[in-house]
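Please keep the sequence and the model in view while reading the points.

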Amino acid sequence: MYDIKALYEAESVSHAIRLLEEHPDAKIIAGGSDILIKIREGKLKDVELISIYGLDELRGVMLEEDGALRIGSLTSFSHVTKHPLIQRHIRVLGEAVDKVGGPQIRNIGTIGGNTCNGVTSADSASTLFAYDALVELAGPDGVRTVPIHEFYLKAGCVDLRQGEIETAVLIPKASYDGYAGHYIKYAMRNAMDIATLGCSVNVKLSEDKKQLVDVRIAFGVAGPVPLRCPAAERAAKGKKAIDETYRRFAQEVRQDIHPRDSWRASRAFREHISQVLARRAIEEAVDRAGGEAL
Ligand SMILES: Cc1cc2nc3c(=O)[nH]c(=O)nc-3n(C[C@H](O)[C@H](O)[C@H](O)COP(=O)(O)OP(=O)(O)OC[C@H]3O[C@@H](n4cnc5c(N)ncnc54)[C@H](O)[C@@H]3O)c2cc1C
């Protein structure tokens, strides 16, 4: 049973904002793959919905003048994965969202919905954290841009103010140019499962491919919101791309994560696999960046 009081269809971004002002309790619906389930489960009752699904202006991937990659918030996971700009510049993001649910969910679910639901297990989130993505929001006071780590406030809660919608996710050129990354989703089964832990690493190598000029790592499900691991990044940045560096990098991850026990896995198990995933992900990222084991 879907207890929906009213459905309003936005005809433009400004119309969506106006509708949100006129109906302050209404919820945005994009692909509906999260919110419809909440309604069916009775977690939302007598709800007013504002659909933005028809706003094609919020769909697609493009390069901004300054080289930033702009991913419209209504872009589906399938489109993110297949898009040539994603494949060329940030293939790992396409691979990460290709691990979401099954084909139907990847065709209907959007990157905007995946970030606005504020869930730590969202498959796009750790890669977006690891690439210092920005979230673009439009509201009654205009447009603002927020670093993704500030956008996630607490479990299930993001910095969306009254009347705002997310219009895009942006990845600055300096964040992706020359980097290669790898995402590992550890789940209890290979299909249609939420991550027990998600780990995304990207690296930039020196010209001779022997040194890690930069390293970034982020986890999902290692805390109430996705998070970066500064201690691990410090341990590897500027170091040689060798086994000893990867070992220390993986060890340091424990400093910054704080997973919890859940029915999916214990805290101890998550702590253990965080190191295994970190090590595997950095090795693969180095390989993709053209490095070799020394
Ligand atoms: C069977 C199944 C399997 C799944 N598996 C996975 C998985 O493996 N990994 C994973 O990460 N997710 C998974 N999901 C969750 C879901 O598909 C994603 O979170 C999806 O990205 C949500 O996008 P949507 O467009 O459907 O969002 P909706 O359901 O339309 O919206 C989700 C939330 O975000 C808000 N919202 C959406 N877009 C905007 C916007 N532009 N501005 C402001 N607020 C907005 C809505 O108000 C709502 O609160 C699964 C879901 C199902 C049903």
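The points below go from the overall fold to the ligand and then to individual residues.

1. The model is predicted. Its secondary structure amounts to 13 helices and 14 strands. Overall dimensions. The protein has a radius of gyration of 19 Å, and a compact globule of 294 residues would have one near 19 Å, so the two agree.

2. Burial and surface. Of the 294 residues, 54% count as buried. The protein exposes about 13900 Å², and carbon and sulfur atoms supply 49% of that area.

3. Contacts along the chain. Contacts between residues at least 6 apart in sequence were examined for their separation, and 62% of them join residues at least 24 apart.

4. How many residues surround the ligand? There are 33, and the closest are Ile-28, Ala-30, Ser-33, Asp-34 and Thr-110. By class, this shell consists of 15 nonpolar, 12 polar and six charged residues.

5. Polar atoms facing the ligand. The side chain of Asp-123 places an N or O atom 2.8 Å from a nitrogen atom of the ligand. On Lys-185, a polar side-chain atom lies 2.9 Å from an oxygen atom of the ligand. Asp-193 takes part through its backbone, where a polar atom is 3.4 Å from an oxygen atom of the ligand. Taken alone, the ligand exposes 980 Å², of which the protein buries 89%.

6. Elements that build the shell. Two or more residues around the ligand come from each of β2 (27–29), α2 (35–40), α7 (111–116) and β10 (165–171). Which element gives the most? Helix α7 does, with four residues.

7. Thr-167. This residue is found in strand β10. Is Thr-167 buried or exposed? Its relative accessible area is 7%, and because buried means under 20%, Thr-167 counts as buried. The side chain of Thr-167 also makes a polar contact of 2.6 Å with the side chain of Glu-136. Leaving aside residues up to four places away in sequence, Thr-167 touches Val-13, Leu-58, Gly-72, Ser-73, Glu-136, Leu-137 and Ala-138.

8. Backbone angles to inspect. Most residues other than glycine have a negative phi. Two residues should be read against that background.

9. Asp-132. Although Asp-132 is not a glycine, it has a positive phi of about 50°. Asp-132 is found in the loop between α8 (125–130) and β6 (134–139). With a relative accessibility of 33%, Asp-132 counts as partly exposed, because that class lies between the limits of 20% and 50%.

10. Val-221. A positive phi, here about 70°, is also found at Val-221, which is not a glycine. The loop that holds Val-221 runs between β13 (212–220) and β14 (227–228). Its relative accessible area is 14%, so Val-221 counts as buried, whereas Asp-132 counts as partly exposed.

Technical notes:
Residues numbered from 1 in each chain as written. Predicted model: local features only at pLDDT ≥ 70, side-chain atom pairs only at ≥ 80, totals over all residues. Heavy atoms only, no water. Near = heavy atom within 4 Å. Polar contact = N/O pair within 3.5 Å; in protein donor to acceptor, adjacent residues only side chain to side chain. Areas by Shrake-Rupley, 256 points an atom, 1.4 Å probe, with all protein chains shown as cover. Nonpolar A, V, L, I, M, F, W, Y, C, P; charged D, E, K, R; others polar. Buried < 20%, exposed > 50% of the residue type's maximum accessible area, 1.4 Å probe, protein only. Contact = heavy atoms within 4.5 Å. Rg over C-alpha atoms; globule rule 2.2 N^0.38 Å.
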